[in-house]
Amino acid sequence: MEFMVNAMELSTDRAWTEVEIKTFDFELPLTGKLGVECRSGGAQGNYTLVLRFTNQLNTSGNVSVTSGLGSVSGTPIIKNNTMTVNLTGVANGQKIVVTLANVTDKYGRTLASAKVPVGILLGDVDGNKTVDNKDVNLVTAKVGATAGATNFRNDVNVDGSITQDDVTVTQAQVGTSIP
Ligand SMILES: [Ca+2]
Ligand SMILES: [Ca+2]
């Protein structure tokens with residue numbers, strides 16, 4: 001399964017990113033509180049980051065996972081002001097850091113290096129870096145619903161609807177956390 005990170009501004013004054021799957025996104029701060037992806041990356045731990053910049057990009061520079069278990073798969077794809085980075089082998093229960101260096105924009109400027117931290121914890125619906133019964137209860141409360149803008153995090157197996165399967169997945173993760 002995939003999610004996307006949108007780095008709206010990779011700059012020091014207003015640096016933030018958001019994660020989206022299909023049309024669903026949440027803010028993934030570059031600094032401060034860790035943004036946690038609670039949805040499954042599938043058996044291969046595959047995720048897609050879409051980093052969105054202020055200006056149109058020219059080159060993707062060097063993008064790599066500099067902390068945590070996982071790696072960049074293939075060459076990042078640039079389209080206008082977005083860069084799509086495929087990640088694979090991303091382990092659960094950790095924080096990964098994707099570092100961008102030597103990215104250039106259409107004005108020929110080399111952008112400052114940026115680190116994009118992403119917490120990965122299956123079932124951590126409330127994003128507090130621990131899976132407990134509160135997360136299970138949040139999923140249970142939404143069983144029967146179609147995943148939408150306000151409840152997509154409850155669809156932890158990312159099949160588009162919130163069912164008992166999501167409850168089961170979350171229950172199985174109780175006790176796990178991001179160190
Ligand atoms: Ca939690
Ligand atoms: Ca589901």
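Gly-160 counts as partly exposed because it has 13 C-beta neighbours inside 10 Å; the class lies between buried (20 or more other C-beta atoms within 10 Å of the residue's own) and exposed (12 or fewer), with C-beta atoms placed from the backbone. Gly-160 sits in the loop between helix H1 (133-141) and helix H2 (164-173). Leaving aside neighbours within four places in sequence, Gly-160 is in contact with Thr-146, Ala-147 and Asp-155, a contact being two C-beta atoms, placed from the backbone, within 7 Å. Thr-146 is 14 residues from Gly-160 in sequence, and their C-alpha atoms are 6.2 Å apart.

The model is predicted: local features need pLDDT of at least 70 and side-chain atom pairs count only at pLDDT 80 or more, whereas totals for chains, interfaces and linings use all residues. Residues are numbered from 1 along each chain as its sequence is written, while chains are lettered from A and ligands numbered from 1 in the order in which they are written. The average pLDDT of the chain (the predictor's confidence in each residue, from 0 to 100) is 83, and 84% of the residues score at least 70. Over residues 1-23 the pLDDT is below 50, although this stretch has 78 contacts in the model beyond near neighbours in sequence. Where pLDDT is low, the predicted coordinates should not be read in detail.

The chain holds 12 strands and 2 helices, these being DSSP runs numbered from the N terminus (helices H or I, at least four residues; strands E, at least two). From the N terminus on, the elements run β-β-β-β-β-β-β-β-β-β-β-β-α-α. An open sheet of 4 strands has the order S4-S12-S10-S7 and mixed pairing, where two strands pair if DSSP finds at least two bridges between them. Strands S4 (36-37) and S7 (62-67) are at the edges with a single partner strand each, so one side of each has no neighbour in the sheet. S10 (residues 94-101) and S12 (residues 114-120) pair in the antiparallel sense over 7 bridges; Thr-99 has Lys-115 in S12 as its bridge partner.

The largest nonpolar core has 33 residues, of which Leu-49, Leu-51, Val-85 and Val-98 touch the most other members. Such a core is a set of buried Ala, Val, Leu, Ile, Met, Phe, Trp, Tyr and Cys residues joined through C-beta atoms within 7 Å. At least two residues of this core come from each of strand S5 (47-52), S7, strand S9 (82-88), S10, S12 and H1. Domain 1 (2-120) and domain 2 (133-173) both contribute residues, so the core lies between them; the domain bounds come from an automatic or database domain assignment. Leaving aside neighbours within four places in sequence, Val-98 is in contact with Leu-49, Val-63, Val-65, Val-85, Val-116 and Val-118.
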